[in-house]
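Q: I have a structure open and want to learn how to read its features. Where do we start?

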Amino acid sequence: MTSTRSQRRRPLFALLALLAVMGLTAAACGSDDSGGGDAADVPDGPAIVIGAQDFPESVVLSELYAQGLADAGYPTSVQELGGYRDLLYGALENGDVNFALEYAGSMLNFLADPEAPAGNDVGDNIDQVTPLLEDQGIVVAEPSEAVNTNAFVMLRETADELGIETLSDLAEKGADLRLGAPSDCETNPFCIPGLQETYGLDMSGNLVALDDGRIDALRGDEFDVAVAFSTDPPRVDDDLIVLEDDGGMLPAENIVPVMSQALVDAYGQDLVDRVNEISAALTTENVTEMNRAYVVDREDASAIVAAFLSDNDLT
């Protein structure tokens, strides 16, 4: 005969079993995400402070990595800096920031001999700059496919009339054209000095120095050729043509993250892997589109990058 005590314990056992099953089910549901990591898996460490320089692309990219890393459980913030590279590296050195988005060729030129400018092979540029960064306690991640380098732009109508499609054509048929460029063009190895060395083209006598609004000025006939950047939103407009750098003057300016060694020591390879995962989603085209959304459409940077992360399965 079954005892009265055993009969009374059966409902209790059933309740405990039911609660256990419910707990396992909830745990399984809670661990079912689509990537981005779990904050519980991230060890304690310093906040990742991303240095954003004062130009639109830097604002957008800094927000992108801040959100992308935060989604994986890392503490992040963005610190606004000035627009010059010496300010960025000063901030990295004194610890005001510990993460930044760089450009492979310009980074190498800044840290190495300016008389030996970066080349157009991103792997070579990264190989050369890595020990220079290590000397400063900085780690370089994998470069993205996205490239932001100088782009020499003309109105398509003018270029068609003169038969100019490449920088070689410009040297042959457009030496007397007016060049609108940033104020550092006379010394920048990828502007007037580069045109002289690679194409034998001297436009120094026709230079119109203008740091902002060059595409609008080009359309307003203030000059005939404008120096833009390859991820500038207007460069894809139908009325413009980007002249082909057929002589290989321009460097490999791939967007590449850098971070302090202290961050890597604290968070390990998982942090580097997450950074590389975000970078792998970047292309020149989608960076240009994010810039357009921010600059032309005046969308909020946080909304732009949230959509990008979602679209690329990075959340």
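Q: How many bridges join β5 to strand β8, and in which sense do they run?
A: Keep in mind that this is a predicted model. Strand β5 (residues 150-155) and strand β8 (residues 225-229) are joined by 5 bridges and run antiparallel.

Q: Which sense does the pairing of β5 with strand β9 have?
A: The antiparallel sense, over 3 bridges, with β9 covering residues 240-242. Here Leu155 stands opposite Leu240.

Q: Why is β5 described as largely enclosed?
A: Count the buried residues. In β5, 5 of the 6 residues are buried, so the rest of the structure largely encloses the strand.

Q: In what order do the strands of the open sheet come?
A: The order of the 5 strands is β2-β1-β3-β10-β4, with mixed pairing. β2 (76-80) and β4 (138-140) are the edge strands; each has a single partner strand, so one side of each lacks a neighbour in the sheet. On average, neighbouring strands are turned by 35° against each other, direction ignored.

Q: Which strands do helices α5 and α11 lie across?
A: Take the helices one at a time. Helix α5 (residues 122-134) lies across β4 and β10, and runs at about 160° to β4. Helix α11 lies across β1, β3 and β10, and its angle to β10 is about 160°.

Q: How are two packed helices described?
A: By the angle between their axes and the distance between the axes. Now the case here. Helix α3 (residues 85-94) packs against helix α4 (residues 104-111) at about 80°, with the axes 11 Å apart. Angles of 65 to 115 degrees count as roughly perpendicular. α3 and α4 are therefore roughly perpendicular to each other.

Q: Which residues meet where α3 contacts α4?
A: From α3, Arg85, Asp86 and Tyr89; from α4, Ser106, Met107, Phe110 and Leu111. By type, the contact has 4 nonpolar, 1 polar and 2 charged residues.

Q: What tends to happen to nonpolar side chains in soluble globular proteins?
A: They tend to be buried together. In this model, the largest nonpolar core has 36 residues. Those with the most contacts inside the core are Ile48, Leu64, Tyr65, Phe99, Met259, Leu271 and Leu282. Elements that give two or more residues include β1 (48-52), β3 (99-103), β10 (255-260) and α11 (269-280). α2 gives the most, with 6 residues.

Q: What is Leu282 in contact with, leaving aside its neighbours within four places in sequence?
A: Its partners are Leu61, Leu64, Tyr65, Ser144, Glu145, Ala146, Val287, Met290 and Phe308. There is also a second, separate core of 23 residues, with Ala159, Leu170, Ala181 and Cys185 among them.

Q: Where does Arg298 lie?
A: In the loop between α12 and α13. Arg298 is not a glycine either, yet its phi is positive, about 55°.

Q: Are Asp221 and Arg298 buried or exposed?
A: The cut-off for exposed is over 50%. Asp221 has 52% relative accessibility, so it counts as exposed. Arg298 is exposed, at 73% relative accessible area.

Technical notes: Residues numbered from 1 in each chain as written. Predicted model: local features only at pLDDT ≥ 70, side-chain atom pairs only at ≥ 80, totals over all residues. Heavy atoms only, no water. Axes fitted to C-alpha atoms, helices over the stretch in contact; angles between N-to-C directions. Helix = DSSP H or I, 4+ residues; strand = E, 2+ residues; numbered from the N terminus. Parallel < 35°, antiparallel > 145°, perpendicular 65-115°, else oblique. Contact = heavy atoms within 4.5 Å. Nonpolar A, V, L, I, M, F, W, Y, C, P; charged D, E, K, R; others polar. Core = buried A, V, L, I, M, F, W, Y, C linked by side-chain atoms within 4.5 Å. Buried < 20%, exposed > 50% of the residue type's maximum accessible area, 1.4 Å probe, protein only. Pairing = 2+ DSSP bridges.
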